[in-house]
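Subject: Structure handover

Hi,

Here is the structure I promised to pass on to you. Please open it next to this email, and I will go through what turned up.

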Amino acid sequence: MMDFFIAKNHNTPVEPPAPVVEMLTLPFPKQNVLDQEGHKNGIEEVTKELPKIAPKDPTPEPEIFTGFNYLPMELLLKVMKQISVDDRLACGQTCHRWMEAAHYYLPFSQRIVYKFTNVNFTDYEPPIKNFLGAFRIFPRIAIKSCTFYGNSQFWPLFGEHVVELTIKNCLIKDTELLHILENVPNLRQLKIEQCDELFRSWYFEKRNSCCESHFVLPDLLDVSLTNNDFLDELHFNKLMTLAPNIAHLDLSNCFKMIASHRRVAMVEHIMRFINMHQFQLQTLKFNGTLAIDDICLSTLSMIDGLSLETFSMTFCDKIPAAIIDLLRRQPDLNITQDLEWKVGRHPIKAPGFISFLVRQTNLVHLDLTSSLGITDEVMELITTCLPKLKTLKLRRCILVTDEGIMNIVNLEHLEVLDLSNCYRISDHAMYRGVIGRKVKNLKELYLCELPTLSDYSLIQVTLNYEMLQVLDLSNSPNAATDATMQYINYYLVSLKQLNLYCCTKITDSGLTGIDLPVKPMITWDQEETFPLDRLFKLRSLNLIGCYRVSDLSLQNAFKLAELKELHLARCYQISENGISVLSHTARALEFIDISECPLVNDNCIELLTSNLKRLRTLKVNKCPLLTNACLEIIGRNCSYLKFLHVSDCRRLKKPRERLAHLPSLKAVYVEW
């Protein structure tokens with residue numbers, strides 16, 4: 001059965017048509033009637049009201065409906081699955097049939113998030129006042145930087161249908177929060193982030209009826225409390241009591257601004273909670289959270305019922321040199337149930353981090369970003385003991401060298417790999433340890449800030465991982481060159497995101513294939529080159545700081561119909577000529593950054609705003625040629641613009657006041 005529903009079914013009974021009545025003249029016999037000559041003729045002309053049966057109409061020919069609005073619903077949905085969210089919403093404005101397909105198909109409606117940003121959450125002011133009379137439901141709500149004024153009727157009206165709720169950096173009281181949670185009985189995901197004011201003012205000494213209310217959210221499985229420094233044991237207990245079936249817990253970047261003894265006490269309390277819920281927890285995230293040290297990991301390793309699928313932390317403890325030497329000499333050592341290595345007659349206690357990794361053999365996603373304690377020996381354990389890994393993030397693990405990544409190729413199910421800022425990695429390790437035929441499903445590869453990496457490694461990446469969707473080469477100038485760009489343009493046709501931030505060796509030749517000194521492809525003695533627009537699935541492109549890119553690239557290599565986000569800041573040679581072509585060839589752009597481009601003028605703004613009808617964010621910081629005329633152009637052409645960045649544009653006067661009439665504009669940034 002198709003998971004699709006229509007709001008109403010208008011079936012009204014149809015009354016049968018009334019019979020047609022007509023006056024007819026018929027012969028009718030009559031006695032005792034004489035004619036003019038006195039003889040009986042037996043016939044009289046009389047008039048009588050009789051029903052007339054209408055003649056049957058001929059069977060009409062079957063009507064043939066043509067046009068896209070009469071496409072079968074199955075085919076229409078298949079088409080809409082292939083396009084982006086904004087394209088689908090635009091299609092929904094075509095007709096009622098397309099609107100139903102774009103909005104009421106359940107997999108589509110489940111991806112819509114209603115965001116409230118920088119508003120007063122009260123029933124007496126818009127937009128909440130307007131939402132109270134809405135006829136639709138709001139299953140996913142994100143509230144950011146808002147101020148709550150009392151208990152809103154929004155939640156009793158629509159809370160039954162809310163399944164995901166995010167409250168970030170908001171001014172909200174404990175009574176208001178509990179009122180919200182009490183009215184969302186079907187909640188599945190809750191995020192309370194950067195709400196230190198909430199926990200500072202949440203005291204349990206006051207016996208408020210709302211705070212003493214007893215209710216649970218049986219469907220709440222995912223709880224995130226990231227970036228909260230003043231979360232204490234009572235707050236944690238209260239929120240966890242509401243989620244008896246919790247499976248995913250995120251406490252990243254917490255407890256930074258409190259005293260060390262309070263931090264340790266809080267972490268110990270969390271460890272006890274994990275021990276109590278060991279059989280149901282699947283995800284633990286502690287990125288950037290202090291006091292998660294080797295002792296805590298030893299505690300986790302001794303919990304037999306804990307079997308995680310996702311784990312992330314920042315591990316900075318130093319593993320003893322004796323253990324590293326032992327791992328180096330005897331890598332096949334096994335850890336016993338007592339967490340000890342039997343070496344001769346003397347058992348050696350294993351560090352908690354190593355014990356934890358060896359026990360969690362079902363890990364699928366592992367994030368060790370900024371972990372200064374990760375060494376080559378730990379990396380060998382990861383690649384040996386965690387064969388199910390799909391995600392491995394080692395960004396800023398500066399102690400990992402070539403030897404540590406040699407066996408990454410053994411992770412056959414790997415889909416996401418992040419080796420950014422591991423500056424000790426060279427081409428030799430990349431070729432032998434990362435690039436291999438065993439890893440066939442790699443979709444995301446991050447190789448930022450690796451100056452030791454050359455174009456040879458990147459060419460091998462393009463030859464082996466043709467299904468890549470995300471490639472990040474930021475600040476890796478030696479890997480991203482014109483030659484490697486040609487290989488990317490030819491092989492990685494599935495790319496959706498390409499980040500070339502500050503790759504200064506890239507020129508117009510690499511993006512367009514024009515005037516290349518050496519052609520990368522030769523077929524039957526014919527040299528071939530490939531422009532950037534061969535990557536027809538590209539959605540995001542970052543060329544910030546690629547100062548050798550000019551109008552030639554915009555004119556010949558940017559026919560990208562699906563491009564949504566484009567960063568061209570500090571591309572000093574870009575001018576009106578290139579932007580004129582770009583505004584006609586990349587009509588789907590929603591975000592464009594042309595900051596610090598000295599040749600950008602008011603005509604460039606006219607071209608962008610008049611042709612890019614979906615433009616949501618425009619960044620023109622430090623563009624000295626812009627005048628007040630560009631503000632008038634923006635006010636006239638931009639119907640959907642939300643964010644405008646005009647910092648350090650000295651010739652613009654009072655941009656906020658001049659654009660105050662735009663209803664869609666949320667923020668104008670005039671300072672860095």
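Let me start with the strands. Strand β10 (residues 248–250) runs parallel to strand β11 (residues 283–286), and 3 bridges link the two. Strands count as paired if DSSP finds at least two bridges between them. Within this pairing, leucine 249 has leucine 284 of β11 as its bridge partner. Between β10 and β11 the chain passes through helix α10 (residues 260–276), in a right-handed β-α-β crossover. Right-handed is meant in this sense: with the strands pointing away from the viewer, the path from the first strand over the helix to the second runs clockwise.

On to the next strand: β11 also pairs with β12 (residues 310–313), again in the parallel sense, over 4 bridges. Here lysine 285 is bridged to serine 312 in β12. The chain gets from β11 to β12 through helix α11 (residues 294–301), and this β-α-β crossover is right-handed.

A note on the source: this is a predicted model, in which local features need pLDDT of at least 70 and side-chain atom pairs count only at pLDDT 80 or more, while totals for chains, interfaces and linings use all residues. Residues are numbered from 1 along each chain as its sequence is written, and side-chain values use heavy atoms, with hydrogens and water left out.

As for confidence, the chain has a mean pLDDT of 85, and 84% of its residues reach 70 or more; pLDDT is the predictor's confidence in each residue, from 0 to 100. Residues 1–14 have pLDDT below 50, and beyond near neighbours in sequence this stretch makes 14 contacts in the model (heavy atoms within 4.5 Å). The pLDDT is also below 50 over residues 19–47, a stretch with 30 contacts beyond near neighbours in sequence.

Now the aromatic rings, where the structure holds 21 pairs. Rings of Phe, Tyr and Trp (its six-membered ring) pair if their centres lie within 6.5 Å; planes under 30 degrees apart are stacked, over 60 edge-to-face, and the rest tilted. Tyrosine 105 and phenylalanine 108 make an edge-to-face pair, because their ring centres are 4.9 Å apart and their planes stand at 75 degrees. Both tyrosine 105 and phenylalanine 108 are buried (under 20% relative accessible area, with exposed over 50% and partly exposed in between, for a 1.4 Å probe and protein chains only). Arginine 88 sits over the face of phenylalanine 108, 3.9 Å from the ring centre; the criterion is NZ of Lys or CZ of Arg within 6 Å of the ring centre and within 35 degrees of the ring normal.

Phenylalanine 131 and phenylalanine 138 form a tilted pair, at 5.3 Å centre to centre and 55 degrees between the planes. Phenylalanine 131 is partly exposed at 22% relative accessibility, whereas phenylalanine 138 is buried at 2%. Both belong to one aromatic cluster, whose members include Tyr114, Phe148 and Trp155.

Finally, some backbone details. The peptide bond from proline 126 to proline 127 is cis, with omega near 5 degrees, and proline 127 is in the loop between β4 (120–121) and α5 (128–131). Asparagine 227 has a positive phi near 60 degrees and lies in the loop between β9 (222–224) and α9 (233–241).

Best wishes
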